[in-house]
Amino acid sequence: MKGTPITEQLYNYIVEHFAQEDDLLRQLPAEAEKRGVPLIHISPEQGRFLQVLMKAAGAKRALEIGSLFGYSAIWLARALPEDGRLLALEAHPLHAQLTRENVARAGLSSKVEVREGNALDLLAALDPGEPFDFVFIDADKPGYVAYLEHALRLVRPGSVIVGDNASAAGNVWKVDAAPDDEYIRAIHAFNHRMATDPRLLSILAPISDGMCVGVVIK
Ligand code: MG
């Protein structure tokens with residue numbers, strides 16, 4: 001295997017030099033945990049990676065599927081231009097409420113709309129006439145392929161689609177040996193579609209739990 005394995009020191013270097021959280025982002029996870037929210041939010045270097053991709057795509061309209069407590073929405077919205085908009089979809093009422101509160105504390109309410117409900121229902125109501133430049137999928141894994149189908153319906157050439165947890169905690173490669181593991185199967189099905197859809201040029205980037213990134217090429 002070619003490449004440099006990541007160490008804690010290297011990881012800390014990356015975060016310190018590229019992806020430092022401000023005071024708000026730093027305090028959100030502990031607050032969310034007190035409200036009973038699982039701490040499965042993205043990590044700071046993932047937030048920065050999403051921002052780099054958004055800027056490279058010239059993203060003005062972004063879509064997030066699965067917002068948890070708004071940590072990733074804040075990273076995403078901060079990479080939008082002044083007239084940019086993020087639509088954040090969240091199924092869990094408490095999580096949607098916390099996302100709204102935390103986005104407001106970040107001063108980003110004018111850029112972020114949080115819609116609460118079943119993502120498939122909310123996605124079905126969206127009009128492809130107003131395409132998204134950027135889509136971040138970070139929700140229930142069995143839904144990933146269906147979310148990707150909608151994402152492909154709602155983007156334009158040059159848009160970027162990202163799916164989180166694409167390594168399935170490092171286990172996605174075990175898919176053939178674990179036919180009953182729904183989580184691994186769902187992630188693999190998503191990765192396979194990202195890798196083979198002729199509209200996408202994609203890579204699984206081994207950042208945190210893996211981010212599968214696809215650029216829409218046609
Ligand atoms: Mg995730």
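## The sheet

In what order do the seven strands of the open sheet lie? In this predicted model, the order is 3-2-1-4-5-7-6, and the pairing is mixed. At the edges you will find strand 3 (112–116) and strand 6 (200–205), each of which pairs on one side only. From one strand to the next, the twist averages 15°.

Strand 4 (residues 132–137) and strand 5 (residues 155–164) run parallel, joined by five bridges. Within this pair, phenylalanine 134 stands opposite valine 160 of strand 5.

Helix 7 (residues 144–153) packs on the sheet, where it touches strand 1 (61–65), strand 4, strand 5 and strand 6. The direction of helix 7 makes about 160° with that of strand 5.

## A closer look at valine 160

Valine 160 has its place in strand 5. Is this residue, valine 160, buried or exposed? Its relative accessible area is 5%, and the cut-off for burial is under 20%, so valine 160 counts as buried.

Which residues does valine 160 touch, leaving aside those up to four places away in sequence? The contacts are Leu53, Ala57, Asp133, Phe134, Val135, Val213, Gly214 and Val215.

For a sense of distance, take valine 37: valine 160 and valine 37 are 123 residues apart in sequence, and their C-alpha atoms are 28 Å apart in space.

Definitions and conventions: Residues numbered from 1 in each chain as written. Predicted model: local features only at pLDDT ≥ 70, side-chain atom pairs only at ≥ 80, totals over all residues. Heavy atoms only, no water. Pairing = 2+ DSSP bridges. Helix = DSSP H or I, 4+ residues; strand = E, 2+ residues; numbered from the N terminus. Axes fitted to C-alpha atoms, helices over the stretch in contact; angles between N-to-C directions. Contact = heavy atoms within 4.5 Å. Buried < 20%, exposed > 50% of the residue type's maximum accessible area, 1.4 Å probe, protein only.
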